[in-house]
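Please find below a short note for a colleague who is new to this structure. The points are numbered and may be read alongside the model.

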Amino acid sequence: MQSTERIALLLSLAQPTSAETTELRVLARDLSTKGEWPRLLELLKLNCIEAKALAALKAHEIAVPEPIEQALRSAREKIEAQNGSRIETGLPVLRALVARGCDVVILKGNYLAGEVYADPYYKKMNDIDILVRKRDLDAVHDIFQGAGLLSAAALSNESPRAQEKYSHHWPPFFTPDLKCVFGTHWGLASPLSGVSIDYDKIWSRVIPFEFHGLPAFTLEPTDLLHHLCFHLPPYKTGLRELGDIYNFIRTRRAEIDWGRLVREAIEWKTVDRLYYTLSLVQALDPSREARAVLLKLEPLAAPFTRRETAVRVATPERILVSRSTQISKIEKAYALFSLARRPQEKAYFLYKMWRNFLAPKPAEVRKMNNLPENAGALALLKAYGRNPALISRVFAQDMGWNVFVLITLRHHVDLMRSVGESAVSWLRLAPPPALEDVFRAMGIRDDAIENMEAVLE
């Protein structure tokens, strides 16, 4: 791995060893000599770890050129403001849930921030993800309503509770100023995905911990690692995402039941996801335990998964420049299409969805196909040809091929229906409201409307 990529990786570590700290200082001195600080900043931005990197540079007393430090400081200050507001606004709601007798498991980054990184601002977090028991959903809904939270489902005149029939989470609930968003889960994977998790075992193993002074729970270490691995978006695989996994392994390796992890990956049908994610982690930060798990999982993984994984780990430093948000762009267009009332808006978001599906920017195609920048035109053309299949696999993995096809067809039917309904509305001199007017009617503040896309991601 080249020195600049190695520094970015070292800066992502929550608890580096003394040897790694020494290596970081030596490599950092060379950055100025080689004039590579701008390249490092680019890598930190690509991997969305500017806030974590700045904290590490300060902790290790590494001198940073003023323009670089200012860029990192600006990113961190923004995250400090966002994360601080989210926790301040969300804690009263969480307290109400606990007071009502609901067991609340804090998931992913909000748990890791305090328990692994000791830094609530180590990365941007869009929401507070929680796991609750399905039997408590009535109480959770009452408390959310009492706290004045709005639901993304209400934007399309639907009940947020309709998803309980076929999903593992509600649509986002959020404050009118969007300072706090809740991701509310009663499961860890979609029931349509083929994953079959034993939630009785999950709940029997949860561990109490304090979340900003609040009595809450976290997943048992093996379950938490399992969840981090199968929850990883297949192409959103930068140091921001993978760092959570290898940092957790570093701090909890002795508490993880590695044999049970393999057994439950087989039982819960998460072998492919676990094999793919742990392979990427192993390529960046090897561990004896992860290697043993991968040796057991490799013969069980699907041929496609093994091939894709082999391509991605063949050149580890390319992982640092291959983080793609293309799937998120499609999901945003899908969500906004569903919320739009005017046919011209629906047509626009449907177009955006298909454009991002069929014709992403070349940079995103290279990332998803792990192509270097100097790849020839023929290689890029081939990558464009296979890219729709890669994207389709991601969605089908979460909802099954049949549902994926039906939902895609439904979009076009909805657009035609919208055109007809709009024609009737215009004849009555009452055109359907614009999307921004729909947001305002719900009570979302004007200064927060532009942030709605982040909520819908």
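1. Aspartate 285. The model is a predicted one. D285 is placed in the loop that runs between helix 12 (271-284) and helix 13 (288-297). Its relative accessibility is 15%, and because the limit for a buried residue is under 20%, D285 counts as buried.

2. Partners of D285. When residues up to four places away in sequence are not counted, D285 touches Y246 and R250. With R250 there is also a polar contact: the two side chains, of D285 and R250, are joined at 2.8 Å.

3. Serine 392. S392 belongs to helix 18, which covers residues 377-399. Its relative accessible area is 9%, so S392 is buried.

4. Surroundings of S392. Neighbours within four places in sequence being left aside, S392 is in contact with F357, W401 and F404. As for F404, the C-alpha atoms of S392 and F404 are 8.2 Å apart in space, while the two residues are 12 residues apart in sequence.

5. Valine 405. V405 is found in helix 19, residues 401-427. Is this residue buried, partly exposed or exposed? V405 has a relative accessibility of 43% and therefore counts as partly exposed, as the category lies between the limits of under 20% for buried and over 50% for exposed.

6. A surface patch. V405 also takes part in a nonpolar patch on the surface, formed with L406 and L409. Together, V405, L406 and L409 have about 290 Å² of accessible area.

Definitions and conventions. Residues numbered from 1 in each chain as written. Predicted model: local features only at pLDDT ≥ 70, side-chain atom pairs only at ≥ 80, totals over all residues. Heavy atoms only, no water. Helix = DSSP H or I, 4+ residues; strand = E, 2+ residues; numbered from the N terminus. Buried < 20%, exposed > 50% of the residue type's maximum accessible area, 1.4 Å probe, protein only. Polar contact = N/O pair within 3.5 Å; in protein donor to acceptor, adjacent residues only side chain to side chain. Contact = heavy atoms within 4.5 Å. Patch = residues over 30% accessible without salt bridge, like charges linked within 9 Å, V, L, I, M, F, W, Y side chains within 5 Å. Areas by Shrake-Rupley, 256 points an atom, 1.4 Å probe, with all protein chains shown as cover. Salt bridge = Lys/Arg side-chain N within 4 Å of Asp/Glu carboxyl O.
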